[in-house]
Amino acid sequence: MFTISFPIVVLLIPIILVVWYVFFREKIGVIYPNFLIGKYLKTPKKIWLLWFFRCIIVASLASILAGIQFHQVKKTQVKIPQDIMIVFDISLSMLAEDISPSRMEVARNIVQNFISSRKDDRIGLIIFSGKPFVSIPFSSDYRGISSIVSGLSPYLIRQDLPGLSGTNIGDAILLANMAYSGSKSQSKSIVLLTDGRANIGIDPVESAKESAEQGIQIYSIGVGSVK
């Protein structure tokens, strides 16, 4: 890639050469004012050689006067680090084996593969059934996060107690929104993994509206067979 500061100078190159050729061209047999040049220009071939060098000189001078500059352009893709909150459903229904080996195992594998593909991003984890809990605040310790994900189970929450069973997606999203209160990331997202519809807590649609107002994108992943 190159730029020209004074394009008009470039347009003058052919004009200069034409005028020079018409009015000042050398002819065979003519005595040249400069004997050092005329001594070696006795044949048409040598005269054209002289004109070749003249064209190079004129073009070089014109390029300098025109301010022609060559630039090397390198394109680099800048990846903006993200804050990603994984919202993981660990309700008892995740133990179902309608997909092999189980919904829980498939969901864990999805999350671990996702974590292994990240670079420079911060990842957090919220688990929920009837109530949501922050399991991991935003962190770049991918190995540690993956290790905790591998041990996720419905038995981490006492779902036999009142108010702790069910699928509370709305409150889980609200908790994720709250986790972003101190985030300065320009890119914020929630990855929701669940195997069913919300059956307790606030309406997830209302929670999603609040996410949108905060500039948080929500990506949902359904786990289970289609019946």
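Which residue forms a salt bridge with D160, and how far apart are the closest N and O atoms? The legends below answer this and then visit other parts of this predicted model.

**View 1. R158 and D160 form a salt bridge.** The partner of D160 is R158, and their closest N and O atoms are 2.9 Å apart. With a relative accessibility of 48%, R158 counts as partly exposed. D160, at 58%, counts as exposed, because the cut-off for that word is over 50%. Side chains of opposite charge can pair when their charged atoms come close.

**View 2. D195 and R103 link distant parts of the chain.** Let us stay with salt bridges, of which the structure holds seven. In this one, the side chains of D195 and R103 meet at 2.8 Å, N to O. D195 sits in the loop between β6 and α7, while R103 belongs to helix α4 (residues 103-116), and 92 residues separate the two. D195 has a relative accessibility of 16% and counts as buried. R103 is buried as well, at 13%.

**View 3. R108 and E105 pair within helix α4.** The salt bridge between these side chains spans 2.3 Å, N to O. Why are R108 and E105 separated by about one helical turn? The reason is that they are three residues apart in helix α4. R108 counts as buried because its relative accessibility is 14%, whereas E105, at 26%, is partly exposed.

**View 4. Strand β6 is mostly covered.** This strand runs over residues 188-194, and seven of its seven residues are buried. Now look at which way the side chains go: K188, I190, L192 and T194 point one way, and S189, V191 and L193 point the other way. In a regular strand the side chains alternate between the two faces of the sheet. Here the residues pointing either way from β6 are all buried.

**View 5. β6 pairs with both β3 and β7.** Strand β3 (residues 83-89) runs parallel to β6, and six bridges join them. Together with helix α7 (residues 204-213), β6 and β7 make a right-handed β-α-β unit.

**View 6. Three residues form a nonpolar patch on the surface.** F52, F53 and I56 make up this patch, and together they have about 300 Å² of accessible area. I56 lies in helix α3, which covers residues 44-66. With 39% relative accessibility, I56 counts as partly exposed.

**View 7. P14 and C55 are 41 residues apart along the chain.** P14 is found in helix α1 (residues 7-24), and its relative accessibility of 46% makes it partly exposed.

**View 8. The whole chain puts the close-ups in context.** Stepping back, you can count seven helices and seven strands. Read along the sequence, they follow the pattern β-α-α-α-β-β-α-β-β-α-α-β-α-β. Of the 227 residues in the chain, 35% are buried. The chain exposes about 14500 Å², with carbon and sulfur atoms supplying 63% of that area. Among contacts between residues at least 6 apart in sequence, 77% join residues at least 24 apart.

How values were computed:
Residues are numbered from 1 along each chain as its sequence is written. This is a predicted model: local features need pLDDT of at least 70, side-chain atom pairs count only at pLDDT 80 or more; totals for chains, interfaces and linings use all residues. Side-chain values use heavy atoms; hydrogens and water are left out. Patches are made of residues with over 30% relative accessible area and no salt bridge: like charges are joined within 9 Å, nonpolar side chains (Val, Leu, Ile, Met, Phe, Trp, Tyr) within 5 Å. Accessible areas come from the Shrake-Rupley method with a 1.4 Å probe; for residues, only the protein chains shown count as cover. A salt bridge is a side-chain nitrogen of Lys or Arg within 4 Å of a carboxyl oxygen of Asp or Glu. Helices (H or I, at least four residues) and strands (E, at least two) are DSSP runs, numbered from the N terminus. Buried means under 20% relative accessible area, exposed over 50%, partly exposed in between (1.4 Å probe, protein chains only). Contact means heavy atoms within 4.5 Å. Two strands pair if DSSP finds at least two bridges between them. A crossover is right-handed if, with the strands pointing away from the viewer, the path from the first strand over the helix to the second runs clockwise.
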